[in-house]
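Dear colleague,

I am handing over the structure that you asked to see, and my notes on it follow below. Please read them with the model open beside you.

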Amino acid sequence: YTIYGVAIKWDLACRQGNTAMCVQVADAYAGGLGDITADMRVALGFYNMACTQGDGASCARAAAIVLNGSANFSDGDVAKGLADRGCNQLKNQDACAVLAQVAGNSGDTAQAASLADSSCAKGADEGCRQKAETLYTNTATAAQALPLLQTACAKKSAWGCAALADAYFRGYAGVSEDIATAKG
């Protein structure tokens with residue numbers, strides 16, 4: 001990869017221990033910025049450096065990239081290690097939500113639910129999405145998802161509004177069918 005302009009200074013500062021600059025370079029490569037072409041593999045490297053330097057949000061981001069394969073490879077064990085550091089050592093709730101996803105992918109639904117519940121209770125949107133999805137997809141617990149969906153939609157989270165619209169469209173999760181509300 002090639003670094004241009006001011007990003008050269010960011011890279012140097014990152015390598016000298018300035019975590020904020022690691023995140024700056026990672027974000028630039030994650031989305032593309034100026035002369036920097038988006039490259040998730042490079043972004044992952046810088047998020048990993050920031051994680052190593054103690055930034056829990058970067059651990060979450062790196063774990064999600066490795067888990068979802070957006071850097072052209074996927075490794076559940078690496079994702080678990082990054083998410084575990086972010087969640088358990090650095091107390092980042094977004095990392096806990098990724099750790100919940102890792103647990104769910106490996107078949108440990110009890111741990112996945114516990115981590116999602118805890119991260120949601122502590123304000124992680126992704127944890128709430130996972131908790132709501134688990135509740136919503138089970139007809140016996142679908143109504144319990146409704147407050148999560150309403151809160152998420154009020155906060156302009158697309159996942160909450162989409163599921164809430166689905167509930168009103170189908171008359172599901174304890175609400176009556178109401179096409180007008182579903183469209184609203």
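Is Asp-11 buried or exposed? With a relative accessible area of 14%, Asp-11 is buried, a word used here for residues under 20% relative accessible area, while exposed stands for over 50% and partly exposed for what lies in between (1.4 Å probe, protein chains only).

Before going further, please note that this is a predicted model, in which local features need pLDDT of at least 70 and side-chain atom pairs count only at pLDDT 80 or more, whereas totals for chains, interfaces and linings use all residues. Residues are numbered from 1 along each chain as its sequence is written, and side-chain values use heavy atoms, with hydrogens and water left out.

Asp-11 belongs to helix α1, which covers residues 6-15; helices here are DSSP runs of H or I with at least four residues, numbered from the N terminus. Leaving aside residues up to four places away in sequence, Asp-11 touches Ile-3, Val-25 and Phe-46, where contact means heavy atoms within 4.5 Å.

Asp-27 lies in helix α2 (residues 19-31) and is partly exposed, its relative accessible area being 41%. With residues up to four places away in sequence again not counted, Asp-27 touches Gly-32, Tyr-47 and Arg-61. Its C-alpha atom is separated by 12 Å from that of Arg-41, a residue 14 places apart from Asp-27 along the chain.

The pair α4 and α5

These helices pack at an angle of about 160 degrees, with their axes 8 Å apart; the axes are lines fitted to C-alpha atoms over the stretch in contact, and angles run from 0 to 180 degrees between N-to-C directions. Because angles over 145 degrees count as roughly antiparallel, α4 and α5 are described as roughly antiparallel to each other. On the α4 side, the residues that meet α5 are Gly-56, Cys-59, Ala-62, Ala-63, Val-66 and Leu-67, and their partners in α5 are Val-78, Ala-79, Leu-82, Ala-83, Arg-85 and Gly-86. The residues of this contact divide into nine nonpolar, two polar and one charged, with Ala, Val, Leu, Ile, Met, Phe, Trp, Tyr, Cys and Pro counted as nonpolar, Asp, Glu, Lys and Arg as charged, and the others, Gly among them, as polar.

Two loop residues with positive phi

Most residues other than glycine have a negative phi. Asn-72, however, has a positive phi near 70 degrees; Asn-72 sits in the loop between α4 (56-68) and α5 (76-89) and is exposed, at 69% relative accessible area. Lys-156, in the loop between α9 (142-154) and α10 (158-170), has a positive phi of about 70 degrees and counts as exposed at 73% relative accessibility.

Note on methods
Angles under 35 degrees count as roughly parallel, over 145 as roughly antiparallel, 65 to 115 as roughly perpendicular and the rest as oblique.
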